[in-house]
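Colleague: Before I use this model, I would like to go through the labels attached to it. Please give the value and the cut-off behind each one.

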Amino acid sequence: MKSNKPYIDKKKLTAFLGRLHEPVYYFDFETFSTAIPLYDGTSPYQQIPFQFSVHVVANGKTTHHSFLAEGKEDPRPLLLKELKKALGGAGSVVVYNLSFEKKVLKQLG
């Protein structure tokens, strides 16, 4: 901040990137919460995922998969079905907010 120049820890960045294995999945959930639960088995203010985005990088190519719920039905069953199609059985997953994504996945389980 004092130098007004970006700081990049090249050693840590290189070490992090060296741990990634293709395909690499860049993954994000979007959720909503309500005071009054809308679906059976949910709690007040529970984060309900209704959208995801996954960018997959493999062999120098990037593909994108996404899901956006429509209608009033519980979006979780179809979201999980589509997420299973988008994610493979091997590789690395990168997320912005690890604790949030883990929490949502744990609740989905």
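This is a predicted model: local features need pLDDT of at least 70, side-chain atom pairs count only at pLDDT 80 or more; totals for chains, interfaces and linings use all residues.

Colleague: What makes Asp 74 and Arg 76 a salt bridge?

Modeller: Their side chains meet at 2.6 Å, N to O. The cut-off is 4 Å between a side-chain nitrogen of Lys or Arg and a carboxyl oxygen of Asp or Glu, so the pair of Asp 74 and Arg 76 qualifies.

Colleague: Is Arg 76 buried or exposed, and how do you know?

Modeller: Arg 76 has a relative accessible area of 14%. Buried means under 20%, so Arg 76 is buried.

Colleague: How many salt bridges does a search of the whole structure find?

Modeller: Two. Besides the pair of Asp 74 and Arg 76, Glu 82 forms one with Lys 85, with the closest N and O atoms 3.2 Å apart. That value is also within 4 Å.

Colleague: Why are Glu 82 and Lys 85 separated by about one helical turn?

Modeller: Because they are three residues apart in helix α2.

Colleague: Why is Lys 85 called exposed, and what is Glu 82 called?

Modeller: Lys 85 has 57% relative accessibility, and exposed means over 50%, so the label holds for Lys 85. Glu 82, at 25%, counts as partly exposed, because that value lies between the two cut-offs of 20% and 50%.

Colleague: What makes Phe 16 part of a nonpolar surface patch?

Modeller: Phe 16 is in helix α1 (residues 10-18) and has 33% relative accessibility, which counts as partly exposed. Patch residues need over 30%, so Phe 16 passes that cut-off. Ile 8, Leu 13, Phe 16 and Leu 17 make a patch of about 360 Å².

Colleague: Why are β3 and β4 called edge strands?

Modeller: The open sheet has four strands in the order β3-β2-β1-β4, with mixed pairing. β3 (61-68) and β4 (92-94) each pair on one side only, and so they are its edge strands.

Colleague: How do you know that β2 and β3 pair?

Modeller: Eight bridges join strand β2 (residues 48-58) to β3, and the two run antiparallel. Pairing needs at least two bridges, so β2 and β3 pair. Phe 52 stands opposite Phe 67 in β3.

Colleague: Which strands does helix α2 touch?

Modeller: Helix α2 (residues 76-86) packs on the sheet and touches β1 (24-32), β2 and β3. Its direction makes about 5° with that of β2. Helix α3 (residues 98-108) lies across β1 and β2, at about 70° to β1.

Key:
Residues are numbered from 1 along each chain as its sequence is written. Side-chain values use heavy atoms; hydrogens and water are left out. Patches are made of residues with over 30% relative accessible area and no salt bridge: like charges are joined within 9 Å, nonpolar side chains (Val, Leu, Ile, Met, Phe, Trp, Tyr) within 5 Å. Accessible areas come from the Shrake-Rupley method with a 1.4 Å probe; for residues, only the protein chains shown count as cover. Buried means under 20% relative accessible area, exposed over 50%, partly exposed in between (1.4 Å probe, protein chains only). Contact means heavy atoms within 4.5 Å. Axes are lines fitted to C-alpha atoms, for helices over the stretch in contact, and angles run from 0 to 180 degrees between N-to-C directions.
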